[in-house]
Amino acid sequence: MDFLILNEGFKLLSVLIFLPLAGALVALLINNDDASRLWALLVTSVNAFISIFLYSNFNLETVKYQFGEHYSWIPSLDIYYTVGIDGISLLLVLLTTLIMPLCVLASWNYIQTRVKPFMICLLIMETSMLGVFCALDFVLFYILWEAMLIPMYLLIAIWGGPRKVYASIKFFLYTLAGSVMLLVAIIALYLHTGSFSIPNMMGQGYSSTFQIWVFLAFFLAFAIKVPMFPFHTWLPAAHVEAPTAGSVILASVLLKMGTYGFLRFCLPITPEATLTMMPYILWLSIAGILYGGFTALAQKDMKKLIAYSSVGHMGFVTLGIFVLNVQGIEGALLQMINHGVTTGALFLCVGMIYERTHSRELADATGIGKHMPIFVTFLAFFSLSSLAFPATNSFVGEFLILAGAFMHNKVVAACAIPGAVLAAAYMLRMLQKVIWGGVNNPTHTLTDLGTREILVLAPFLAFVFWIGLAPQPFMDVMHTSVAHLLDQVGVAQGPAVIAQVIGK
Amino acid sequence: MKLMLFAPELFMLLGSLLIFLFSLSDDDGISSRVAAIATSIGAVVLSFVSLNNNGMLFFDAYQVDLFSQLFKLMIAIGTTAVLLFSRELKGIQEKIRPEYYLFLILSSLGLMMLVSSVELISMFIALELSSFCLYVLVPMRDDQKGLRTQMESAIKYIFYGVIATGIMLFGMSYLFGLTGTTYFNELIPKLHTLASEPVAIVGIAMVLCGFFFKLAVFPFHFWVPDVYQGASNETTAFIASVPKLAAVALLIRITTLVTPQSDAIISIFVVLAVCSMFYGNLCALVQKDIKRMLGFSGIAHAGFILLGLLTMKETGYATSIYYIFGYLVMNLACFLVICNVSGQGENVTIDDLSGLHKRAPLLALTMAIGMFALAGIPPFVGFMGKFMLLTGALQAGQLTLVILAALNTAIAIYYYLSVVKVTYCNSPEGFDDVDVSLMTKTVSIGLIVAIILMGIMPAKILAIASSAVQGIL
């Protein structure tokens, strides 16, 4: 276990992963709506609190996986329960744990029917999401990766909007169909290396053909999850129909699993295939950026608008990953967090409008600014963050990605630039309509945000500015791991000058 | 004490005699039901106690070992579960209920004897004991609509069954002609020297046919949809799960005749597995009657089980055993819901499950978990079984087969998911509430727990299955 720093004392990661599951089991016994809300809030908050110790005890110097745990699980197949995190997964784990209590809070009034099952689904989701980011055994990873589909399916199918049946089935079928070949690839890798341990699969020097096939199997699964153009069609449907908390989880955490998969599996396990396929994926990313931007510009439904903007933003993330230099990958990692914060917050904002007007149509939300000044203040900041306005979080991420892209290839980078302009266009269009458009809209007898809602949005805003103005703590965490990852891919790198300049 | 080796079967036999006595009196089914449940529970206990017994009986035609006792235990558990959740036996007329229980117990007695048979003739007799009871159970359904579909099903079942048995007997005659013996332990060494002879391969393939029929492997599947539909829900629950256990046990025994390797038999398995999976899954996509759908899904699962057999290795056999145990549990969970949702014992269409989560939340949960498990979604047992079967098959070098099997998982999810969709998304208006007895609740929670536990902790069962297989190799 030379890749793992075992955690001798308190089993931090296991507690994080299984506490929500235990909470879900206890919630089965609760027979009161308010009590189950409070219980879910308590469990997720405790989890968020515990996860802070991950950050404070994280060792910035080592490339090994930290807080490791390693137990035998199914001996006859060499399957182990192995968990551990490095600089790539730490921020995603923190994002997940911190966002879950806010999801519970955001569903406080929105979910009125079958509250207990809803909270149980959320808690099971948290377990499987954290597990996916921490798993270092491929079987463990795959089990949690797939198991997540069930609660997410139920979240959309039971508490979703009018076309929930269509959206939920599409979501399930797409993601499942994508990952069946992943399973075959995992088994093939196991037969080559004799173990399911993810770090053991890295750097094994597989033959080129084998790498290409494995890469393609990985790519299909992860590209659907991201979703990359042209595998994105499930996303708008699922986002639009999901309840607010479901949309937030989808946007903030689930989409990151695809890009996390690229970083954790594609790059280090099949480096040669990565280099071969890189140009194609870069152009797919560009297509996604432009397509997402143009489609978002044409949307009348606010949730759809944000969903398509996600396609564009995630295109930036895959662009950053596959330019294969420090700036690109660090920018992509940061942008993953940024997208989680900003888009999650935007979905919450739309959810708050929906709770008041019962419509997601942009036309029905015009001129809200007059009635809800606090709300539109939040909305404006998040929209600016979404279009990567300087001093907000996305600026740092997008800048790094574009810097990396320019270092890699000027043509590719130049093609991505219009995406940033498009983002400004569709976001400002929405903002303009919501704040100033048509004040004579008859439906508006609106109350502004209550304390609970401000409490939900404020942490997001804090992170928008924190990452925007002082990204260094976030960059420090990932730096060692990203450099190691690039070593594994075999592209030598000079010092990351730009990343350091930005940090100061 | 040789008699003790035979204790589970003997207990079943005595129990069936008792039920026979009830059937002579004017019992309305209650006391015979109690007797049947007591018998099957007794068989569970006795099989469990005798799990580690070893010995030979009846001139060495009957072997008691871990392999046979493990299957006996599962057969007894399956029978008990069916008896427990089919509480009212709605689909059967009152006056023939004692006979129904009698034949059900006799059928599982036949299956228990089957898994212990290590001689061709006794294997044949045990198989027929179990099959003929099933042939009788199918037309016992109460003819509510006057369509006599149960008769059609029974005729189909018996015809196909007899043909399959005929082929099997023909194959046995070849084996006997080649080797001059009907005992497995003498057959094995002789067949190993003859393994490349076409006659031997034809003989073994024909014997396999009899059990392909039981397991519903393509092209011996034609009876499945009609029998599932025509038989009463309780009968189908039994036919769909318990006999398949014994079929897998015997398929393993017969395949060991050509172990370690026979390319021809492996090719047969590969072709049948691919055909079963595609045929079963594609046909299941369009079914409206849930029993028919489960029938086709069973054909697809039978194809999956062949993936374990065709590795011709100990681990492959062990995974097949694990998978069929898992299949038993998942299938019983689904049939438990069907039997309870059906008000008067009529067939249940998928739409009849509309809004089940409001009418009976626990049943809806059971159905959802059963469906997700059958579809092979983790963390349930269906996934672990599928995963291990695929690993074994890929280890045996069957890459194309593994990819086709994985594709089938993606096809299958659609119809399983449709059932979940109907139970959770459709409105319950226009459908009656479902009463669920305490017993049914207990059984369904037990099944859910079994599905999850077998899925996340397969190590123990696998180890037992492995050592069971080692004993017969």
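Q: How many residues are in the largest nonpolar core?
A: In this predicted model, the largest nonpolar core has 387 residues. Those with the most contacts inside it are L122(A), F218(A), V329(B), Y416(B) and I451(B).

Q: Which helix gives the largest share of this core?
A: Helix α14 of chain B, spanning residues 314–341, provides the largest share of the core, with 20 residues.

Q: Back to L122(A): what does L122(A) touch, not counting residues up to four places away in sequence?
A: With those excluded, L122(A) touches A40(A), M100(A), C103(A), V104(A) and A245(A).

Q: Turning to the strands, in which sense do β1 and β2 of chain A pair, parallel or antiparallel?
A: Strand β1 (residues 4–6) and strand β2 (residues 65–74) of chain A pair in the parallel sense, over two bridges. L4(A) has Y65(A) in β2(A) as its bridge partner.

Q: And β2(A) with β3 of chain A, parallel or antiparallel?
A: That pairing is antiparallel and runs over six bridges, with strand β3 of chain A covering residues 79–85. I74(A) has I79(A) in β3(A) as its bridge partner.

Q: What do β2(A) and β3(A) form, and how many residues are between them?
A: β2(A) and β3(A) form a hairpin, and four residues lie between the two strands. In the turn, D78(A) has a positive phi of about 55°.

Q: Now chain B. At what angle do the axes of α7 and α8 of chain B cross?
A: The axes of helix α7 (residues 149–179) and helix α8 (residues 184–194) of chain B cross at roughly 85° and come within 10 Å. The two helices, α7(B) and α8(B), are therefore roughly perpendicular to each other.

Q: Which residues make the contact?
A: From α7(B) they are L175(B), L178(B) and T179(B), and from α8(B) they are L187(B), K190(B), L191(B) and L194(B). The residues of this contact of α7(B) with α8(B) divide into five nonpolar, one polar and one charged.

Q: Last topic, the two chains: how many residues does the contact take from chain A and from chain B?
A: The contact takes 27 residues from chain A and 25 residues from chain B.

Q: Which elements give two or more residues to the side of chain A that touches chain B?
A: They are α5 (138–147), α6 (149–159) and α7 (164–193) of chain A. The largest share of that side, 15 residues, comes from α7(A).

Q: How do the residues of that side of chain A divide?
A: On the side of chain A that touches chain B, 24 are nonpolar, one is polar and two are charged.

Key. Residues numbered from 1 in each chain as written. Chains lettered and ligands numbered in written order. Predicted model: local features only at pLDDT ≥ 70, side-chain atom pairs only at ≥ 80, totals over all residues. Core = buried A, V, L, I, M, F, W, Y, C linked by C-beta atoms within 7 Å. Buried ≥ 20, exposed ≤ 12 C-beta atoms within 10 Å, placed from the backbone. Contact = placed C-beta atoms within 7 Å. Pairing = 2+ DSSP bridges. Axes fitted to C-alpha atoms, helices over the stretch in contact; angles between N-to-C directions. Parallel < 35°, antiparallel > 145°, perpendicular 65-115°, else oblique. Nonpolar A, V, L, I, M, F, W, Y, C, P; charged D, E, K, R; others polar.
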